[in-house]
Amino acid sequence: MKKLLVLMGSPRKGETYKAAQMLGEAFNKIEPVELEYIFLNKVGFGDCLGCHNCILKGEDRCYQKDLVQELYSRIEKADGIILASPVYNQHVTAIMKRFLDYFTYLWHRPALFGKVFFGVSSGGGMFKDVFKLMKTNVESWGGVWAGSLGIPHYEALTPKFQQKVDADVPKKAEIFVKAMNATKLPSPSFGQLMMFNVWKMNAVACKDSNPKDYAFWTQKELFDKAYYYKTKIGFFKGLAVKLTVMLARFYMKKVYVGY
Ligand SMILES: Cc1cc2nc3c(=O)[nH]c(=O)nc-3n(C[C@H](O)[C@H](O)[C@H](O)COP(=O)(O)O)c2cc1C
């Protein structure tokens, strides 16, 4: 049986919880699954102190390292992860944002390659920014963003719109299952390739101020690689990346010292 870890950014078992349950039930109709919830407001970490230790010295130097590493190992062990947050002030909740902040070091040193994530939200609408932030984080950590499900206040919907949601959920579950059963790592998008190259530039330029990143790139022998893992990159995509990286380097040289 597959295990889905739901990282819950709502402080209660409300609409977002129901939306995650709906996705889980639809998933279960395709393949047996068990949902495990972590209510992120109960994890017990305070705000990020902004010490930058996780980025510059290592994630083991965070003042909340035990809680962060415990969450990380739960993510690693899960077959798939649901990031769930209601829309608050047109975005994720502070609870979800705080969780994302603690994993910022993974932008610098991604590790969750092949781990599949799905976004779930509830609210009046305006899910776009919620999912955009989740997706950007997941992809920067090395994970796979399979898709998202935003459910507007279900009880208040007209029967026609309820039917639309009812039809949408199994389709989303199917996409999630498919991504989790994929045997190959996905081919990176143009944006992901650009991020890889910009982090490569940063690792060299900030060698002295951020030795942790430089060590990561050196130990993993990434400097000569086209991406974090072996993958096919189409000719035109590769060319577009090369040209854009040249422009990015030109810009960085103009603005920052060391590039
Ligand atoms: C502080 C706060 C801010 C909210 N801001 C928005 C918003 O900007 N847009 C929106 O559509 N709904 C907003 N809502 C409504 C919630 O997104 C909606 O009720 C959601 O389903 C609650 O999820 P929950 O039951 O899991 O807590 C807000 C609710 C709260 C409590």
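Trainee: How should I read the packing of α1 against helix α7?

Mentor: Two packed helices are described by the angle between their axes and the distance between the axes. In this predicted model, α1 and α7 (residues 159–180) pack at about 65°, and their axes are 8 Å apart. The crossing of this pair is right-handed.

Trainee: Which residues of α1 and α7 make the contact?

Mentor: From α1 come Met22, Leu23, Ala26, Phe27, Lys29 and Ile30. Facing them, α7 supplies Val169, Pro170, Lys172, Ala173, Glu174, Phe176 and Val177. Sorted by class, this contact of α1 with α7 has ten nonpolar and three charged residues, with no polar ones.

Trainee: Thanks, that helps. Let us turn to α8. At what angle do α8 and α10 pack?

Mentor: Helix α8 spans residues 190–205 and helix α10 spans residues 235–255; the angle between them is about 40°, with the axes 10 Å apart. That angle is why α8 counts as oblique to α10. As for handedness, α8 and α10 cross in a right-handed way.

Trainee: And which side chains belong to that contact between α8 and α10?

Mentor: On α8, look for Phe190, Leu193, Met194, Asn197, Val198 and Met201. On α10, the list is Lys237, Ala240, Val241, Thr244, Val245, Ala248, Arg249 and Met252. Ten residues of the contact of α8 with α10 are nonpolar, two are polar and two are charged.

Trainee: Is the crossing of α8 and α9 left-handed or right-handed?

Mentor: The crossing of α8 and α9 is left-handed. Helix α9 covers residues 211–219, and its axis lies 8 Å from that of α8, at an angle of about 120°. With that angle, α8 is oblique to α9. The contact joins Lys200, Asn202 and Ala203 of α8 to Asp213, Tyr214 and Trp217 of α9. Three residues of this contact of α8 with α9 are nonpolar, one is polar and two are charged.

Trainee: Now for the wider view. What domains does the domain assignment give?

Mentor: The assignment gives domain 1 as 2–180 and domain 2 as 190–255. Their C-alpha centres lie 27 Å apart. The contact draws eleven residues from domain 1 and nine residues from domain 2.

Trainee: Which elements give two or more residues to the side of domain 1 that touches domain 2?

Mentor: Those elements are α2 (53–56) and α6 (128–140). In terms of class, that side of domain 1 has four nonpolar, four polar and three charged residues.

Trainee: Last topic, the ligand. How many residues surround the ligand?

Mentor: There are 16 residues around the ligand, and the closest are Gly14, Thr16, Pro86, Gly123 and Gly124. Two elements, α1 (15–30) and β4 (116–123), each give two or more residues to this shell. The largest share, three residues, comes from α1.

Trainee: How do the residues of that shell divide by class?

Mentor: Five residues of the shell are nonpolar, nine are polar and two are charged.

Definitions and conventions
Residues numbered from 1 in each chain as written. Predicted model: local features only at pLDDT ≥ 70, side-chain atom pairs only at ≥ 80, totals over all residues. Near = placed C-beta within 6 Å. Helix = DSSP H or I, 4+ residues; strand = E, 2+ residues; numbered from the N terminus. Nonpolar A, V, L, I, M, F, W, Y, C, P; charged D, E, K, R; others polar. Axes fitted to C-alpha atoms, helices over the stretch in contact; angles between N-to-C directions. Parallel < 35°, antiparallel > 145°, perpendicular 65-115°, else oblique. Left-handed = near helix turned anticlockwise from the far one by under 90°. Contact = placed C-beta atoms within 7 Å. Domains from an automatic or database assignment.
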